[in-house]
Amino acid sequence: MLVETALQLLPATPAKVLDLGTGSGAIALALASERPAWQITAVDRVLEAVALAERNRQRLHLNNASVLNSHWFSALQGQVYDLIISNPPYIADNDPHLVAGDVRFEPASALVAGHDGLDDLRQIIKEAPAHLNAGGRLLLEHGYDQAGAVRDLLSSAGFEDVHSRIDLGGHERISLGRRPC
Ligand SMILES: C[S@@+](CC[C@H](N)C(=O)[O-])C[C@H]1O[C@@H](n2cnc3c(N)ncnc32)[C@H](O)[C@@H]1O
């Protein structure tokens, strides 16, 4: 849904796109494959994830994507984008889902974000405006019960056209906003 929404937001003409917390590179590499004219930067704080995403990038011959090690925007000083997309950690540290089902096999660094699950979303939303061109979009995945809080954070940070979209399960699972022109 994040990828489909990103493809709808921007035309297929040249654009700069940033994927924060890329993991295996699934989002960044899908976008690079679908939109050869876009220049995609993918970052992750975990070195093993950076190496895996880079291996996948090479295996798929996607020369319009690059993969970097960065703690959110730390390695991106002065860089601005037309679209920033992220599926960051957003689970609260005491959430019972962490010890159940398939989630228990995932590293905590990919999932957990403080007492309410919003620590990383807060940081990304706060820092994103400095890295967006005027009119640029921030597109975020979050938990099924976090849409209202994420919309509030986006509005407080000055984003316009703030709204959420509903996934196939009927949950508001992504939210987005536009940096004012
Ligand atoms: C929920 S996973 C998403 C992975 C991938 N984007 C996807 O959708 O399949 C969150 C990712 O964010 C990364 N991450 C966590 N904290 C980070 C930080 N401070 N800076 C950059 N990446 C971070 C994790 O290593 C993990 O790969």
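This is a predicted model: local features need pLDDT of at least 70, side-chain atom pairs count only at pLDDT 80 or more; totals for chains, interfaces and linings use all residues.
I started with the ligand, and it sits in the largest pocket. For "sits in" I took more than half of its atoms within 2 Å of the pocket's grid points; a pocket is an open set on a 1 Å grid over the protein atoms alone, where a 1.4 Å probe fits, with protein on both sides within 12 Å along at least five of seven lines.

Numbering runs from 1 along each chain as its sequence is written, and side-chain values use heavy atoms, without hydrogens or water.

Next, the neighbours. I get 14 residues around the ligand (a heavy atom within 4 Å), with G21, D44, W72, N87 and A110 coming nearest.

Then I looked up polar contacts (N or O pairs within 3.5 Å). A polar side-chain atom of D44 is 2.6 Å from a ligand oxygen. The protein buries 87% of the 600 Å² that the ligand exposes when taken alone (Shrake-Rupley, 1.4 Å probe).

Last, charges over rings (Lys NZ or Arg CZ within 6 Å of the ring centre and within 35 degrees of the normal). K16 lies over Y81 at 4.9 Å, and R35 over W38 at 5.7 Å.

Technical notes: A polar contact is a pair of N or O atoms within 3.5 Å; within protein, one must be able to donate a hydrogen and the other to accept it, and residues adjacent in sequence count only if both atoms are side-chain atoms. On a 1 Å grid over the protein atoms alone, a cavity is a set of points where a 1.4 Å probe fits but cannot get out, and a pocket is an open set with protein on both sides within 12 Å along at least five of seven lines; lining residues have an atom within 4 Å of a point.
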